[in-house]
Amino acid sequence: MLRGVLLIAAYIGVAIIPLVVAGAFVPGGDNFAEEFAKALGLAGLALLGLQPLIVARLKSICRPFGLDMVIRFHRFMALLAVVFLACHPVFLAIGHNSPRLLISIDLPWYIWAGKITLVLVIVQILTSIFRKKIGWSFERWRTVHMVVGPLLLLAGLTHAVVLADGALRFAVIALVGVGLCAFLFWRFVNPRRLARSAYTVANLVQETPTVRTLNLVPAEGAPRYDFLPGQFHFLTIHSAGLPLEEHHFTISSSPTTSDGVASTIKACGDFTSALGQVKPGDRVIVDGGYGRFSYVLHPTEHRFLFIAGGIGITPLMSMLRHMRDSRFSGPVNLMYANRTQADIVFADELADMVAAGRPRLRVEHVLSQPDTSWSGRTGRIDKDLLADMIPKGHGELGVYVCGPTGMRTAVVAALVELGIPQRRIHSEEFVLLD
């Protein structure tokens with residue numbers, strides 16, 4: 001908690017450096033609109049300069065908040081930056097009592113550098129929001145995003161450097177330089193560092209007709225990276241027939257297993273459907289672990305309700321395996337929803353955990369499309385089913401929900417209606433970018 005507060009304070013402190021320097025070293029004028037416009041421009045450029053630092057996957061930044069929250073913050077800051085930058089020329093035009101800055105073509109080149117910056121930021125935001133509607137794949141969007149990002153920073157830096165001087169020019173160069181260095185680290189330095197400690201595919205296990213577990217092992221003699229049960233990692237699989245793309249998958253193994261790491265993956269797209277082509281010995285670049293969806297981060301919770309839908313069982317399975325191996329003795333109730341009995345992943349292992357009593361696990365399967373041989377619960381997870389599964393003692397209860405968006409939303413709403421405090425409900429999303 002303290003680290004998160006300090007990071008936020010540091011972010012604010014760095015972001016306002018250009019404004020502080022301008023206030024201390026640049027003489028102010030009497031034209032409020034013009035001075036306000038300059039402040040908006042500096043603030044917008046500062047926010048843009050820090051954007052690559054936010055998404056460079058630095059563990060010191062991601063650990064207190066979780067990568068999903070960091071990416072949401074990145075999106076919000078981008079929107080705030082574009083508001084500042086869009087208002088910058090408007091207030092300048094008001095201050096000069098002339099619309100020429102907004103509508104004229106005959107402007108100095110460094111003014112056009114500022115206009116280009118604004119246009120490129122808007123392109124970044126619109127393509128991010130409407131990626132699916134315009135038919136862009138994630139990889140295409142990311143490629144455009146990585147090309148346009150540095151260009152807009154350089155355009156904005158050029159615009160500001162020409163108009164600023166002295167200490168303010170140095171402050172702007174330093175701040176945007178930090179962002180560009182973070183981009184270079186994330187795009188070039190870190191991938192090479194990870195490649196030097198690449199993993200290999202040990203085997204691929206068919207769990208159900210549509211789900212496989214990918215087991216990875218580090219290079220001989222190399223230690224496995226550290227992660228928490230329930231976290232996820234990014235994988236770049238070097239295998240014939242697969243595109244060389246980075247994808248994030250939940251870790252289904254427990255950190256107590258020292259010889260490797262596993263992800264259990266459902267075939268739900270072109271890439272995941274092609275995973276059957278992966279062969280033992282194929283090279284995999286691994287970047288992890290990320291996320292805060294882990295019971296070990298909440299030490300005041302001693303009894304648990306796990307709720308999974310489909311492949312959403314994977315982070316919960318990682319936690320259950322960790323509980324088993326660490327001999328956790330508290331009660332854990334698992335409600336696991338699937339379409340059919342054939343879709344249940346880890347069915348035998350879950351049954352073995354129940355029989356062994358490690359942890360004290362109760363499992364209730366819920367099928368929405370059962371066959372005539374099914375004698376268990378049917379339908380969907382609703383308020384009545386949840387009420388029956390909630391262990392006594394809300395004060396020590398932790399609820400972990402992972403599954404499709406619609407299921408998560410409905411389940412969280414039902415839990416709140418049943419009196420479970422929001423702070424005790426932890427929900428994991430499948431994707432980082434929609």
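Tutor: Strands are DSSP runs of E with at least two residues, numbered from the N terminus. The model discussed here is predicted.

Student: What makes residues 283-290 count as a strand, and where does G289 lie?

Tutor: A strand is a DSSP run of E with at least two residues, and residues 283-290 form such a run, so they are called strand β6. G289 lies in β6.

Student: Which kind of peptide bond joins G288 and G289?

Tutor: The bond between G288 and G289 is a cis peptide bond, with omega at about -10°. A cis peptide bond also joins R358 and P359, again with omega of about -10°. P359 belongs to the loop between α12 (347-356) and β9 (360-367).

Student: Why is N97 called exposed?

Tutor: Exposed means over 50% relative accessible area. N97 has a relative accessibility of 72%, and therefore N97 counts as exposed. N97 is placed in the loop between α5 (67-96) and α6 (100-103).

Student: What is the phi of N97?

Tutor: The phi of N97 is near 55°, which is a positive value in a residue other than glycine.

Student: How do you know whether R327 is buried or exposed?

Tutor: Buried requires under 20% relative accessible area, whereas exposed requires over 50%. The value for R327 is 60%, so R327 is exposed.

Student: Where is R327 found, and what is its phi?

Tutor: R327 sits in the loop between α11 (313-325) and β8 (331-338). Its phi is positive, at about 60°, although R327 is not a glycine.

Technical notes
Residues numbered from 1 in each chain as written. Predicted model: local features only at pLDDT ≥ 70, side-chain atom pairs only at ≥ 80, totals over all residues. Heavy atoms only, no water. Helix = DSSP H or I, 4+ residues; strand = E, 2+ residues; numbered from the N terminus. Buried < 20%, exposed > 50% of the residue type's maximum accessible area, 1.4 Å probe, protein only.
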